[in-house]
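Q: Before we look at single side chains, could you take me through the features of this model in turn, giving the general idea where there is one and then the case at hand?

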Amino acid sequence: MADRLSKAQVGDLREIFDYYDSEGKGRLSASTLSTIFQGFGINVTEYEIQDMIAEIDVGEDGGTGTIDFLEFTSLMTRPYANELEGLDKELKSIFEDLKKPRKKLLEKEDLLNGFKKCGLQFHPRFIEEMIREVDTKNQGGVALQDLLKVMGPAEKE
């Protein structure tokens, strides 16, 4: 799963890792992992943390009771692997539901209507800015591939 992360996602994980690796040792302890999980609203016991570490702490420096960045990345993406496998399919379905028939792009009105159905209202200029950010080919709308790249489990960049 970790190999499907975009550069931005890896960067986000690196930022979290580095923040908690305040001494710059390149490894995180069980108590630090517990703090990280609590920050995400996930309550895990010390035993569960130790079990997670023992499962993934198998690399060159394995058996230290701590994890390095690659192990951290694997640990942080593991719970979502099953959920993300079906995300592409779900996003494709949403895309088809929102776009106008015989069109290949989601246009401003499609997005405004889609958000409105979800109970969200945005100013049209905000939607235009969203489209500009994800419209990599300057087509004036959001292509399915752009949506998948932004919202889905991204391929490695």
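Q: How many helices and strands does the secondary structure of the protein chain come to?
A: In this predicted model, the secondary structure of the protein chain comes to nine helices and two strands. Read along the sequence, these elements follow the pattern α-α-α-α-α-α-β-α-α-β-α.

Q: What share of the residues in the protein chain is buried, and what share of the contacts between residues at least 6 apart in sequence joins residues at least 24 apart?
A: Of the 157 residues in the protein chain, 33% are buried. Among contacts between residues at least 6 apart in sequence, 55% join residues at least 24 apart.

Q: How is a pair of aromatic rings described, and how many aromatic pairs does a search of the whole structure find?
A: Two quantities describe a pair of aromatic rings, namely the distance of the centres and the angle of the planes. Here, a search of the whole structure finds five aromatic pairs. One of them joins Phe17 and Phe69, whose ring centres are 5.5 Å apart and whose planes stand at 75°; since an angle over 60 degrees counts as edge-to-face, that is the class of this pair.

Q: Which parts of the chain does the pair of Phe17 and Phe69 link, and are Phe17 and Phe69 buried or exposed?
A: The pair links distant parts of the chain, with Phe17 in helix H1 (residues 7-20) and Phe69 in helix H4 (residues 69-77), 52 residues apart. Both Phe17 and Phe69 are buried. Together with Phe72, Phe17 and Phe69 form one aromatic cluster, and the charged end of Arg14 sits over the ring of Phe69, 3.8 Å from its centre.

Q: What kind of pair do Tyr19 and Tyr20 form, and why does Tyr19 count as exposed?
A: Tyr19 and Tyr20 form an edge-to-face aromatic pair, with 5.0 Å from centre to centre and 85° between the planes. Tyr19 counts as exposed because its relative accessibility is 63%, and the cut-off for that class is over 50%. Tyr20, with a relative accessible area of 29%, is partly exposed.

Q: What is the volume of the largest pocket, and which of its lining residues are the closest to its centre?
A: The largest pocket has a volume of about 490 Å³. It is lined by 17 residues, of which Leu111, Phe115, Met130, Leu147 and Met151 are the closest to its centre. Helix H6 (87-98), helix H7 (108-117), helix H8 (124-134) and helix H9 (144-151) are the elements that give two or more residues to this lining, and the largest share, four residues, comes from H7. By residue class, the lining of the largest pocket divides into 14 nonpolar, one polar and two charged residues.

Q: Where does Asp146 lie, and is Asp146 buried or exposed?
A: Asp146 lies in helix H9 and, because its relative accessible area is 7%, Asp146 is buried. Leaving aside neighbours within four places in sequence, Asp146 is in contact with Val134, Asp135 and Thr136.

Q: In which loop does Val44 lie, and with which residues is Val44 in contact?
A: Val44 lies in the loop between helix H2 (30-39) and helix H3 (46-56). When neighbours within four places in sequence are left aside, Val44 is in contact with Phe37, Ile49 and Met52. Val44 and Leu33, which are 11 residues apart in sequence, are 9.6 Å apart in space, taken C-alpha to C-alpha.

Definitions and conventions. Residues are numbered from 1 along each chain as its sequence is written. This is a predicted model: local features need pLDDT of at least 70, side-chain atom pairs count only at pLDDT 80 or more; totals for chains, interfaces and linings use all residues. Side-chain values use heavy atoms; hydrogens and water are left out. Rings of Phe, Tyr and Trp (its six-membered ring) pair if their centres lie within 6.5 Å; planes under 30 degrees apart count as stacked, over 60 as edge-to-face and the rest as tilted. Buried means under 20% relative accessible area, exposed over 50%, partly exposed in between (1.4 Å probe, protein chains only). A charge sits over a ring if NZ of Lys or CZ of Arg is within 6 Å of the ring centre and within 35 degrees of the ring normal. On a 1 Å grid over the protein atoms alone, a cavity is a set of points where a 1.4 Å probe fits but cannot get out, and a pocket is an open set with protein on both sides within 12 Å along at least five of seven lines; lining residues have an atom within 4 Å of a point. Grid points are joined across faces, edges and corners, and a volume is the space filled by probe spheres set on the points. Ala, Val, Leu, Ile, Met, Phe, Trp, Tyr, Cys and Pro count as nonpolar, Asp, Glu, Lys and Arg as charged, and the others, Gly among them, as polar. Contact means heavy atoms within 4.5 Å.
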